[in-house]
Amino acid sequence: MQAGGFRDEHTGADRAAWTARFGLDRAQPHLSARRRLHVTQVLTFLVLFVALAVALQAAPGAAQTALRIIAFTAFAGLTIWRLLAAGAALSRLVARAEAKPVWDGDLPVYTILCPLYREANMVKGLAERLAQLDYPADKIDLRIVLESDDTTTIAAANAIQWPPQTKIVIVPACSPRTKPKALNYALASARGAFVTIYDAEDAPDPKQLRAALDAFAGGGEDLGCVQAPLLIDNARASWLSAQFAAEYAIQFSAVLPYLARLGMPLMLGGTSNHFRVAALIGAGGWDPFNVTEDADIGYRLARDGWRFAVIDPPTWEEAPTRLWPWLRQRARWIKGHLQTWLVLMRDPIASARDMGAGAFLSMQIMLGGSLLSAFAHGPIFVLVAWALISPSFNLGPIAWSLALAGYAIAAYNAISVAAALRDPRLAFAALTMPFYWPLSTIAALMAGLDFLFRPHYWAKTQHGISSRISEPS
């Protein structure tokens, strides 16, 4: 479905495509990741680098001590944060009660956006899973969002007998070739007051839409977004997918509920986030130049004063089972998190003022902490391994304490969510987590190169490659 009439003199794209690509950048360029770095940021990084080099040359002992203190403070803060989140997950397990519907009145039209690219093999299964949603078919505004040059997936979608309210939205093939650009294009003609996203491999709980509406009804008019947990249903496929499943469970069943409980902004998942359409449009839609549009839109909504909530009905997803697909996906995530952090830090005073000091600090811990951890896990693993095998090298009691505490709390997180989700496999994954973390440093180095040379490139994750189950046993 394409809008006709208006043609941009520079690109030749139709008006809807032009807006999907450049709307945010033209309206609020300071919030767009189209530009990688501002001049002030480049100068700041250069000054810090020169200052560090001078300090290491002039007083190497004092400089190294200062770096250790900074590293210790950062990792200790992140470790304590995850400890609190794990405790909150256990308290939710103890206090969990069956949710009572609170939506009063007729059900509204609900828009579902399903962006697909080169996923013809997934279309039939997606249609079957969406048909199981417990929501009136005439109130679902389903949009299957496809790229114009993806003829195979278009043919597969046209072969499906979709519900009457379904529209196949064809996005013009134009840069940036990203998921958020496609979402913006489809959102422009959406009919619903609420909107959510499901990817090709997603299997949402049938009651998820109603649970999201209940959360909106009970959460107040300033509740702008509701996140459903993303859980992995192919954890048995490989060691990597088992680790991925534990990681996702900690993030979506412990960390995000704890942040929502504190009134903090969420680093949203790529799917199953439910928005008030008015909030989403007011924020300028998704940033088509950010390759983790989910994290970015969460913080932009927070800057506009919107709150967040987490619901229980999950969406089951497929994890990568092999190293190279895992690295490609993780590198894209780290690159997108770097884009998001740099945008927020273009004017940190304005960011802190807009979202509040507490939310700004939370952002630094969650977003900045995840970036720091990704780059540091590899070197830390090497140092710990060398200290274990070399009698002449000693990390010192503080470093050992921090390393052991980090692992113990990660294991505690895994055990907590394993109990909350009644899935013992997540607890077993904790035994080998320290061997999983260093892989993120390889992905971080890939992300750094990508950020420099192809910042808006979207590394597509292939789906439908392993057997899946409907729920853990």
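# Notebook: a walk through the predicted model

**Entry 1: alanine 156.** I started at alanine 156, which touches Ala120 and Val123 once residues up to four places away in sequence are set aside. A reminder to myself: this is a predicted model. Alanine 156 sits in helix H5, residues 151-158.

**Entry 2: proline 204.** Next I went to proline 204, in strand S5 (residues 203-204). Its relative accessible area is 8%, so proline 204 is buried. I then checked what proline 204 touches: Leu133, Tyr198, Pro314 and Thr315, again leaving out residues up to four places away in sequence. Leucine 133 is 71 residues from proline 204 in sequence, yet I get 7.7 Å between their C-alpha atoms.

**Entry 3: the sheet.** In what order do the strands of the open sheet run? I wrote down S3-S2-S1-S4-S8-S6-S9, which makes 7 strands with mixed pairing. Strand S3 (167-171) and strand S9 (307-310) are the edge strands, each pairing on one side only. From one strand to the next, the twist averages 25°. I also noted that helix H8 (residues 239-262) packs on the sheet, where H8 touches strand S6 (223-227) and S9. The direction of H8 makes about 145° with that of S9.

**Entry 4: strand S4.** I picked S4 (residues 194-197) and looked at both of its faces. In a regular strand, side chains alternate between the two faces of the sheet. In S4, Phe194 and Thr196 are on one side, with Val195 and Ile197 on the other. Every one of these four is buried, so I noted both faces of S4 as covered.

Then I looked at the neighbours of S4. Strand S1 (residues 110-115) pairs with S4 in the parallel sense, over 4 bridges. Which residue of S4 is the bridge partner of tyrosine 110? I found phenylalanine 194 there. S4 also pairs with strand S8 (residues 273-276), this time antiparallel and over 2 bridges. Phenylalanine 194 turns up again here, standing opposite arginine 276 in S8. Valine 195 faces phenylalanine 275 of S8.

**Entry 5: strand S6.** How many residues of S6 are buried? I get 5 of 5, so S6 goes down as mostly covered. S6 runs parallel to S9, and 4 bridges join the two strands. Across from valine 226 I found alanine 309 in S9. With S8, the pairing of S6 is antiparallel, over 3 bridges. One pair I jotted down there is glutamine 227 with its bridge partner in S8, asparagine 273.

Entry 6: I turned to helix H10 (residues 293-303), where 11 of its 11 residues are buried. Among them are charged-looking names I wanted to flag for myself, including Glu293, Asp294, Asp296, Arg300 and Arg303. Also buried in H10 are Ile297, Tyr299 and Leu301. After H10 comes glycine 305, with a positive phi near 90°.

Helix H12 covers residues 348-355, and its buried residues are Ala350, Ser351, Ala352 and Met355. What do these buried residues pack against? I traced them to H10, H11 and H13. Glycine 356 follows H12, and its phi is positive too, near 100°.

**Entry 7: H11 against H13.** Last, I looked at how helix H11 (residues 323-344) meets helix H13 (residues 357-389). Their axes are 10 Å apart, and the helices pack at an angle of about 135°. Angles over 145 degrees would count as roughly antiparallel and 65 to 115 as roughly perpendicular, so I call H11 and H13 oblique to each other. Their crossing is left-handed.

Which residues make the contact? From H11 I listed Ile334, His337, Leu338, Thr340, Trp341 and Leu344. From H13 I listed Met363, Gln364, Leu367, Gly368, Ser370, Leu371 and Ala374. Sorting the residues of this contact gave me 8 nonpolar, 5 polar and no charged.

Terms used
Residues numbered from 1 in each chain as written. Predicted model: local features only at pLDDT ≥ 70, side-chain atom pairs only at ≥ 80, totals over all residues. Heavy atoms only, no water. Axes fitted to C-alpha atoms, helices over the stretch in contact; angles between N-to-C directions. Parallel < 35°, antiparallel > 145°, perpendicular 65-115°, else oblique. Left-handed = near helix turned anticlockwise from the far one by under 90°. Contact = heavy atoms within 4.5 Å. Buried < 20%, exposed > 50% of the residue type's maximum accessible area, 1.4 Å probe, protein only. Pairing = 2+ DSSP bridges.
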